[in-house]
Structures are given as structure tokens and as C-alpha cells.
Amino acid sequence: MLPIYQLPFRQAFLIFIMFSFVGWISEVLYVGIFHEHKFVNRGFLYGPICPVYGFGGVVILLLPPSLYNTWIPLFFASMILCTTVEYFVSWIMEKTFHARWWDYSHYKFNVNGRICLLNSVLFGVLGLAVIHFVYPYMLQFLNWLGSTVIRVSSDVIAAALSGCGSKSGNAVN
């Protein structure tokens, strides 16, 4: 299994987009079902992606391939890396947009409301799922699509995102 940094850029970009899209779906379902009881377009961009999930997925795939066949080291590496990504993305977004998109202050074992132990453990579990189960199917899917579809779809998505813009309506404060 190739690490993401050995893939052509367009394939790596589409993997980032897939993670971002699945993250958006999970956010919409979680907030819609358990909190708002209605559709809420989560994220800070217009459109069905949450880039923080894309970055989290890609960071896991940047881990050394020697960890790919492990469970415990992969769990902790995924947990630490994704928690670090979440903390700094929260901080950067707050400084850039003067708003917070999530606040874990009400959870035990949180750090400045930006990260919490529960999510960190979930990141570790997701890291295991990504490496052991999801990523191999993503690679098969991209191979099935072929180079022309990958080129066109990545260009169209990149063009759409370049005019996407951001919004602050879903921020916490």
C-alpha cells in the first residue's frame, strides 16, 4: 500500500476531498440527529466538505508505512497527530475568523475547549480504520476511475473550491 506522498497530486487531492466529504456528512448527521433535529450545513465553507477531516485523514496517511501493519502504535500516532491538527486548526480559525467552530469546554479532559480526550480516542480508532480498512478501498476506487476521470474531477473540484468562499454562520460563538 503506497503512502499518500507517493501518489500523484490529483489522487492525493481526491483522497483529501473524500475525507472532507465524509467528515461533512458525519457532522451534518451528528448535529442534525442529536442536537438541532434539522439539517445544519456544518463547516466553514459553502459546499459539502469539512477540510479539517481531510487534513486529519491525510495526516494519518503521512505516517511512516512501518506503522501501517501495527495496531497499538498506529492508534497512538493517529490519536496524537489528529488531536494536534484539531487543536491548531481550531486556533488558526479562531484567530483568522474571530469565531470558534467547536467548543469542548463541557467535556472532561479538554484543553482550552479545542480538544478533548473523547475525540482524541476516536481519532485513534479512526486512524486504525483508515489505514487497515478505508485507504485500501480508496486506492482501488481511484484505480477504477482511471486517469482521465481523476484529472477532470480533481480539476472541476479545485475550480469549484477556488470560488467557494467561507462563512462564519456555523461558528459556536
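Helix α1 gives the most to the lining of the largest pocket, with 10 residues, and in this predicted model the space in that pocket comes to about 1,500 Å³. Helix α1 also crosses two other helices, coming within 11 Å of α4 and within 10 Å of α5, axis to axis.

**The largest pocket**

- The lining of the largest pocket is made up of 49 residues, and those that lie nearest its centre are Ser26, Glu27, Tyr53, Tyr104 and Asn119.
- Four helices, namely α1 (9–36), α2 (51–61), α3 (72–97) and α4 (117–145), each supply at least two residues of this lining, and α1, with its 10 residues, gives the most.
- By residue class, the lining of the largest pocket divides into 33 nonpolar, 11 polar and 5 charged residues.

- For α2 and α3, the axes come within 9 Å and cross at roughly 150 degrees, and because angles over 145 degrees count as roughly antiparallel, α2 is roughly antiparallel to α3; the crossing in which α2 passes α3 is right-handed.

- His98 has a positive phi of about 55 degrees although it is not a glycine, and its place is in the loop between α3 and β1 (110–111).
- With a relative accessible area of 67%, His98 is exposed, because the class of exposed residues begins over 50%.
- Phe109, which is likewise not a glycine, has a positive phi of about 60 degrees and is found in the loop between α3 and β1.
- The relative accessible area of Phe109 is 64%, so Phe109 also counts as exposed.

**Residues in and before α1**

- Gln6 is found in the segment before α1, and at 45% relative accessibility Gln6 counts as partly exposed, because this class covers the values between the 20% limit for buried residues and the 50% limit for exposed ones.
- Gln6 and Met18 are 12 residues apart along the chain, and their C-alpha atoms are separated by 18 Å.
- Phe21 has its place in helix α1, and with a relative accessibility of 35% Phe21 counts as partly exposed.
- The C-alpha atoms of Phe21 and Gly47 are separated by 9.3 Å, while the two residues are 26 residues apart along the chain.

Definitions and conventions. Residues numbered from 1 in each chain as written. Predicted model: local features only at pLDDT ≥ 70, side-chain atom pairs only at ≥ 80, totals over all residues. Heavy atoms only, no water. 1 Å grid on protein atoms, 1.4 Å probe; cavity = no way out; pocket = protein on both sides within 12 Å on 5 of 7 lines; lining within 4 Å. Points joined across faces, edges and corners; volume = space filled by probe spheres on them. Nonpolar A, V, L, I, M, F, W, Y, C, P; charged D, E, K, R; others polar. Buried < 20%, exposed > 50% of the residue type's maximum accessible area, 1.4 Å probe, protein only. Axes fitted to C-alpha atoms, helices over the stretch in contact; angles between N-to-C directions. Parallel < 35°, antiparallel > 145°, perpendicular 65-115°, else oblique. Left-handed = near helix turned anticlockwise from the far one by under 90°.
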